[in-house]
Amino acid sequence: MSETELIALLLADHHEAESLLKKVGLPDADPSELFDELVPALVAHEIAEEEIVYPVVRSSVANGGSLADARIAEEQKAEELLSKMEDMDRHSAEFAASMAQLRDEVLAHAEREEQDVFPKLKEALPEDRLAGLGSAYRAAKAAAPTHPHPGAPNTPPGNVAAGSIAAVTDRVRDAARSAMEKVHAR
């Protein structure tokens, strides 16, 4: 399998998320640090799937529209939860319960993709097309926002335009927050 092959990249993201999510609730895991690591990884993966993967599923896989809609609805639910969690006290019982809910939902979503979507996509597309989509997926992840935007569109063309604006806004916000943390650390 090529390093840029789409399915391999998606599975690598799933394994990374699973590894992080297995730390949820462990006594030695700082919930705040774990959340800060999870958010950009989950958001970038979701945005790249919505921009690259699901349009192809719709056009190339039998019953692809309903398959894509179901998985995007799951991603939307997770994005709404992530957005709420950003405003929670990271050491509260509510945050801990939300992290457990996020873990369960994201792992179930990933399993459904691995069982229902990826095999059909691999069957429907030739290797060279999957490799090209892998390159596009990497690019979409690199340009994705770093925070959830549950009110943004989930399908093209709206998601591409809104995602670009959100990504710039997020990066400015992250840079300002980082600068303020450095000032306060002095």
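The protein chain exposes about 9600 Å², of which carbon and sulfur atoms supply 56%. The model described here is predicted. Of the 186 residues of the chain, 40% count as buried. The secondary structure comprises 6 helices and 0 strands, and the order along the sequence reads α-α-α-α-α-α. Among contacts between residues at least 6 apart in sequence, 77% join residues at least 24 apart.

Helix α3 spans residues 64-86, and Gly64 lies in this helix. Gly64 has a relative accessible area of 2% and is therefore buried, the limit for this class being under 20%. When neighbours within four places in sequence are left aside, Gly64 is in contact with Val57 and Arg58. The C-alpha atom of Gly64 is separated by 8.2 Å from that of Tyr54, a residue 10 positions away along the chain.

Aromatic pairing was examined next. A pair of aromatic rings is described by the distance of the centres and the angle of the planes. The count in this structure comes to 1 aromatic pair. This pair is formed by Phe35 and Phe95, whose ring centres are 5.3 Å apart and whose planes stand at 75°. Because an angle over 60 degrees counts as edge-to-face, the rings of Phe35 and Phe95 are assigned to that class. Phe35 and Phe95 are both buried.

Charged side chains were considered in turn. Side chains of opposite charge can pair when their charged atoms come close. The structure holds 9 salt bridges. One of them joins Glu18 and Lys22, with the closest N and O atoms 3.3 Å apart. Glu18 has a relative accessible area of 31% and is accordingly partly exposed, whereas Lys22 reaches 56% and is exposed.

A further salt bridge is formed by the side chains of Glu74 and Arg71, at an N to O distance of 2.8 Å. Glu74 and Arg71 are separated by about one helical turn, because they stand 3 residues apart in helix α3. Both Glu74 and Arg71 are buried.

Arg71 also meets Asp116 in a salt bridge, with an N to O distance of 3.9 Å. Since the criterion for a salt bridge is a nitrogen-to-oxygen distance within 4 Å, the pair of Arg71 and Asp116 is counted. This pair links distant parts of the chain, as Arg71 is in helix α3 and Asp116 in helix α4, 45 residues apart. The relative accessible area of Arg71 is 8%, which places this residue among the buried ones, while Asp116, with 28%, is partly exposed. Salt bridges that share partners join Arg71, Glu74, Arg112 and Asp116 into one network.

Conventions
Residues numbered from 1 in each chain as written. Predicted model: local features only at pLDDT ≥ 70, side-chain atom pairs only at ≥ 80, totals over all residues. Heavy atoms only, no water. Helix = DSSP H or I, 4+ residues; strand = E, 2+ residues; numbered from the N terminus. Buried < 20%, exposed > 50% of the residue type's maximum accessible area, 1.4 Å probe, protein only. Contact = heavy atoms within 4.5 Å. Areas by Shrake-Rupley, 256 points an atom, 1.4 Å probe, with all protein chains shown as cover. Phe/Tyr/Trp six-rings, centres within 6.5 Å; stacked < 30°, edge-to-face > 60°.
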